[in-house]
Amino acid sequence: MSPARTRRTRWVAGSAVAVALLFAGAATVASARGGTETSGPPRTPSAGSADAGFARDMAVHHQQAVEMAFIVRDGTEDEDVRRLAYDIANTQAGQRGMLLGWLDLWELPKTAPEGQGPMAWMEGESGGAHSDPGGHSGHDMQGMAGMDHDGALMPGMATRTELGRLREATGAKAEVLFLQLMTDHHKGGVAMARACARQCTVPVEKRLARGMVEAQQSELDLMADMLAARGAAPRP
Amino acid sequence: MSFDRRTRLDQMRDADRARDRRNRVIGIGLSAVVVAGLLGFGSYMLLERSEATESKPAAEQDGKGLDDKPSGPIAGEKTWDAAKLGRDHVTTDVKYPMEPPVGGNHNPAWLNCDGVVYEKAVPNVNAVHALEHGSVWVTYSGKASGSDVDALATRVRSTPYSLMSPYEGQAGAIMLTAWGKQVTVDGADDPRVARFFAKYVQGAQTPEPGAPCTGGVDG
């Protein structure tokens, strides 16, 4: 064999190895990168996750706060209560839209997985059988499976009967009842938002939940003062 | 009798040539194995990655959640072209071409649909407005059993954006309706009930997402 031919053979073999090495290296890098979050579709929460559960349940919870705010604005001329109600209605309707929008993006139902009551996603809450976060034992989730909740599907939510009383009340009576019902509502809401701040995995959702805890706690203080100014107090 | 007539020099040259050939075979063989190995390894990494990407959504379902995603057709479901369903607010009565109506022009006031069970028949013109807001409407005729009606009422009371009412004259004993969608089910425990609720309570068919189910009228 001529030296020229030997050299050519070695050169071809060497090039083939080099090209193959490049390919294998590139494939490894691409594969490793796929393992982190730099490419591929974003992670989507499952229907049973805290992320989806909070989005579903808080959307329902918020809707009732919006409803109560509209009712009291029809029932009183008091500027402070009407302004608070205006704030709550707009804020919670907006946040509700975010929560529902995420469920739409995740292509998840607005209803809980079959056979699960509301708030089953909350850890340490024994399937939503809640230990009275709002200090309002009438509204805990015992008996959630039945139909005696009278529309109060989650802790802190008012019953249909209570909403009916709020609709009929006017003036100072409406203001006090609204502040008491909304205080209970916020306490239930804060407990649920805390659970998401702890358990949720989607950063923007955790952030919204933390914001709810802070804002609703500050409104709880405000409402306690407003109740005191009207010679009333939060319900036990 | 045979003997090597070649010179010693010839014999040495033959041996060199044989060694060269052997080295070349080993060289080419080894290179081929290395190249094939690297190609195989690289392809495996790429394939594995694309498979992982594909199977991710399924892997993240929590076991029981095969119908987590509100997609896929529901057996026996009827669909109307939403673009052809009227959406004007009218104060007159409206004749709907299907019973119960699945959409069309409707009254300015929506029927409250915040998990409300109506004991009496409700006006079509208000119920259709509730469908536009994203609710599921459960209707039953006199042919439905009492236990089915009770079980469905329990479900509706726990489900905001659903409502229920009797509806005489409808074809099936129990029917579920959303905007542009309708199915007749066999009973309260027909699995299509859960599917229909999961898919259409504030579902993708909703013409006005985010609109309320409270603050309307009670029939």
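Analyst: A:Met119 is buried, its relative accessible area being 1% (buried means under 20%, exposed over 50% and partly exposed in between, with a 1.4 Å probe and protein chains only). The model is predicted: local features need pLDDT of at least 70, side-chain atom pairs count only at pLDDT 80 or more, and totals for chains, interfaces and linings use all residues. Residues are numbered from 1 along each chain as its sequence is written, chains are lettered from A and ligands numbered from 1 in the order in which they are written, and side-chain values use heavy atoms, without hydrogens and water.

A:Met119 lies in the loop between α3 (79-105) and α4 (160-168) of chain A; helices are DSSP runs of H or I with at least four residues, strands runs of E with at least two, numbered from the N terminus. Although not a glycine, A:Met119 has a positive phi of about 70 degrees. Most residues other than glycine have a negative phi. The loop between α3 and α4 of chain A also holds A:Asp150, a non-glycine residue with a positive phi of about 50 degrees. A:Asp150 is partly exposed, at a relative accessible area of 27%.

As for packing, the largest nonpolar core has 59 residues, and A:Leu99 and A:Trp121 are among those with the most contacts inside it. Such a core is a set of buried Ala, Val, Leu, Ile, Met, Phe, Trp, Tyr and Cys residues joined through side-chain atoms within 4.5 Å. Both α3 and α4 of chain A supply at least two residues of this core.
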